[in-house]
Amino acid sequence: EGVKIFIGSENFLFNHSGLSVVMAPYKNGQQKVLGAIGVIGPMRINYSRIVPIVDFTSKIVGRILG
């Protein structure tokens, strides 16, 4: 549920790359997960700015597709 943040070694895809992933699922009207939207960036990304953008975007995409 909601926005998930994977920093560096917490994400097996980017284990040694120094990258982080901020992602959130988008859902249809029946609350079924249709997919996810996210941002890949450096571990020192501005999380306070990125997290609300990813959250808002996932909700908008869910409304459009739902």
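This is a predicted model: local features need pLDDT of at least 70, side-chain atom pairs count only at pLDDT 80 or more; totals for chains, interfaces and linings use all residues.
1. Position of Asn28. Asn28 sits in the loop that runs between strand S2 (19-27) and strand S3 (33-42). The relative accessible area of Asn28 is 14%, and the residue is therefore classed as buried, the cut-off being under 20%.

2. Contacts of Asn28. When neighbours within four places in sequence are set aside, Asn28 is in contact with Leu34, Gly62 and Gly66.

3. The residue Lys27. Lys27 belongs to strand S2. Its relative accessibility is 17%; because buried means under 20%, Lys27 also falls in that class. With residues up to four places away in sequence not counted, Lys27 touches Glu1, Lys32, Val33, Leu34 and Gly62.

4. The largest pocket. The volume of the largest pocket is about 170 Å³. Its lining includes Lys27 and Asn28, together with Glu1, Gly2, Ala24, Pro25, Tyr26, Gly29, Gln31, Asp55, Ser58 and Lys59. Two elements, S2 and helix H1 (47-65), each give two or more residues to this lining.

5. Make-up of the lining. Strand S2 supplies the largest share of the lining of the largest pocket, with four residues. By class, the lining residues comprise three nonpolar, five polar and four charged.

Methods
Residues are numbered from 1 along each chain as its sequence is written. Side-chain values use heavy atoms; hydrogens and water are left out. Buried means under 20% relative accessible area, exposed over 50%, partly exposed in between (1.4 Å probe, protein chains only). Contact means heavy atoms within 4.5 Å. On a 1 Å grid over the protein atoms alone, a cavity is a set of points where a 1.4 Å probe fits but cannot get out, and a pocket is an open set with protein on both sides within 12 Å along at least five of seven lines; lining residues have an atom within 4 Å of a point. Grid points are joined across faces, edges and corners, and a volume is the space filled by probe spheres set on the points. Ala, Val, Leu, Ile, Met, Phe, Trp, Tyr, Cys and Pro count as nonpolar, Asp, Glu, Lys and Arg as charged, and the others, Gly among them, as polar.
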